[in-house]
Amino acid sequence: MPQLLYFDLRGRADAIRALLYVADVEFEDKRVTFEEWGALKAEQPFGQIPVWRDGDLVLAQSGAITRHLARKYNFYGKDLNESAQVDEAVESVRDVFDALVKVTISAEFDSLKDEFVASLPQKLGPLEKILARNGGDGFLVGSGISLADFEAWHLLNNFVAPFKKFNEGKSVLGESLQAYLDRVNAVPAIARFVSEAQSKIAVPPSFFKFLGDPADFE
């Protein structure tokens, strides 16, 4: 049976786990503690996780894992044009994620968070344009869920939405992206994953200071 090795966190593995649930793939979701990790680190290809093992394939790097699985289970667009648009959307997600990481690990987080919340409409603008280009009422690319949606869902649901605590409890997503996030969360397999297997912790509090509390996701 294939195995995904990662911590019991959302971290870098949630897009992978969600994709596997939607693909209805049976796999071992092996979650290790930080105490266990020390003994396992040397056994991993680059001394880091997540790691995907499937027969002879041992694959590190979360982006490589999601792209491999998306190609294998037909979540990479129906043709080359759609595949390129999937890549475009994934890169747009990563732009936002990189900006978010820069703020949340900063020693000046408390003074930067309000400015970051105010800048979210601009930072999320490319995703809104990609969604609108595809009709605005479905997924990001094509007629079905794709790698772009797993990555966007992971960003919006796990890392952007909790910023509402700094926005008087109101969503920091625009109307179209909030509706999009609601649609993805309503996909039966995504809802099942969230209900059955999603970790209540996004990342260690020492990394993203405000994302270590399960209440952030209620």
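Asparagine 158 counts as buried because its relative accessibility is 0%, where buried means under 20% relative accessible area, exposed over 50%, and partly exposed in between, with a 1.4 Å probe and protein chains only. This is a predicted model, in which local features need pLDDT of at least 70 and side-chain atom pairs count only at pLDDT 80 or more, while totals for chains, interfaces and linings use all residues. Residues are numbered from 1 along each chain as its sequence is written, and side-chain values use heavy atoms, with hydrogens and water left out.

Asparagine 158 belongs to helix 7, which covers residues 147–160; helices (H or I, at least four residues) and strands (E, at least two) are DSSP runs numbered from the N terminus. Its side chain makes a polar contact of 2.9 Å with the side chain of histidine 154, and another of 3.2 Å with the side chain of asparagine 157. A polar contact is a pair of N or O atoms within 3.5 Å; within protein, one must be able to donate a hydrogen and the other to accept it, and residues adjacent in sequence count only if both atoms are side-chain atoms. An α-helix has 3.6 residues a turn, so residues three or four places apart point the same way.

## Overall fold

The chain contains 9 helices and 4 strands, arranged along the sequence in the pattern β-α-β-α-β-β-α-α-α-α-α-α-α. For 218 residues, a compact globule would have a radius of gyration near 17 Å, and the chain agrees with this at 17 Å; the radius is taken over C-alpha atoms, and the globule rule is 2.2 Å times the number of residues to the power 0.38. The C-alpha trace spans about 45 × 45 × 30 Å along its principal axes.

Of the 218 residues, 48% are buried. Where contacts (heavy atoms within 4.5 Å) join residues at least 6 apart in sequence, 69% of them link residues at least 24 apart.

Helix 5 (residues 109–123) includes aspartate 114, which counts as partly exposed at 48% relative accessibility. Between aspartate 114 and valine 93 there are 21 residues in sequence and 21 Å in space, taken C-alpha to C-alpha.

In helix 6 (residues 125–133), the buried residues are Gly125, Leu127, Ile130 and Leu131, and their cover includes helix 4 (80–104), helix 5, helix 7 and helix 8 (175–186). Glycine 135, which follows helix 6, has a positive phi near 105°.

## Backbone features in the loops

A cis peptide bond, with omega about 20°, joins isoleucine 49 to proline 50, and proline 50 is found in the loop between helix 2 (34–40) and strand 3 (51–54).

Aspartate 24 is not a glycine, yet has a positive phi of about 60°; this residue lies in the loop between helix 1 (14–22) and strand 2 (28–32) and is exposed, with a relative accessible area of 65%. Asparagine 74 is likewise not a glycine and has a positive phi of about 65°; the loop between helix 3 (62–72) and helix 4 holds asparagine 74, which is exposed with a relative accessible area of 67%.
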